[in-house]
Amino acid sequence: MKRTPKTFPEIPEVCPHCYFGRIQPGKRSFAARTNGKPVMVPDFPAWICDVCGFTIYDPTSLINLQRLLTNPAKPYLPHPAPKTPKTKPAKPRPQTDQPV
Ligand SMILES: [Zn+2]
């Protein structure tokens with residue numbers, strides 16, 4: 001049993017703001033605020049009207065971003081990265097050339 005409710009509104013072909021321009025896929029900088037921290041995404045997927053510039057941020061990307069911001073401890077990764085230090089700490093060898 002698998003249900004995938006479609007809660008996202010469809011991206012309209014014609015601008016819902018000016019009813020004249022066409023919505024084109026593009027990129028916009030997206031600014032949000034989570035837990036008092038400003039978050040800036042410079043190239044956020046968006047749909048932009050070619051006449052009035054009305055912007056609809058991509059709903060799927062918004063959900064993904066929200067998921068990332070609300071669960072920073074759980075990054076969306078297919079495989080968890082193993083914890084292996086890349087650089088070995090250089091252990092200084094104590095010089096023991098003293099006569100016993
Ligand atoms: Zn428009």
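## Model and confidence

Residues are numbered from 1 along each chain as its sequence is written. Because the model is predicted, local features need pLDDT of at least 70 and side-chain atom pairs count only at pLDDT 80 or more, while totals for chains, interfaces and linings use all residues.

The protein chain averages a pLDDT (the predictor's confidence in each residue, from 0 to 100) of 81, and 69% of the residues score at least 70. Where pLDDT is low, the predicted coordinates should not be read in detail.

## Secondary structure and sheet

The protein chain has 1 helix and 3 strands, in the sequence pattern β-β-β-α. Helices (H or I, at least four residues) and strands (E, at least two) are DSSP runs, numbered from the N terminus.

The strands form an open sheet with the order 1-2-3 and antiparallel pairing; two strands pair if DSSP finds at least two bridges between them. Strand 1 and strand 3 are the edge strands, each pairing on one side only. The twist averages 40 degrees from one strand to the next, with axes fitted as lines to C-alpha atoms, for helices over the stretch in contact, and angles running from 0 to 180 degrees between N-to-C directions.

Strand 1 (residues 23-34) is joined to strand 2 by 11 bridges, and Arg33 stands opposite Pro38 in strand 2. The hairpin of these strands has 2 residues between them, and Asn35 takes a positive phi near 55 degrees. Strand 2 and strand 3 are joined by 3 bridges, with Trp47 opposite Ile56.

Helix 1 lies across strand 1, strand 2 and strand 3, and runs at about 170 degrees to strand 2.

Buried residues (20 or more other C-beta atoms within 10 Å of their own; exposed means 12 or fewer, partly exposed in between; C-beta atoms are placed from the backbone) make up 6% of the 100 residues.

Beyond its neighbours within four places in sequence, Cys49 is in contact (C-beta atoms, placed from the backbone, within 7 Å) with Cys15, His17, Cys18, Gly21, Ile23 and Phe54. Of the contacts between residues at least 6 apart in sequence, 43% join residues at least 24 apart.

Note on methods:
Contact = placed C-beta atoms within 7 Å.
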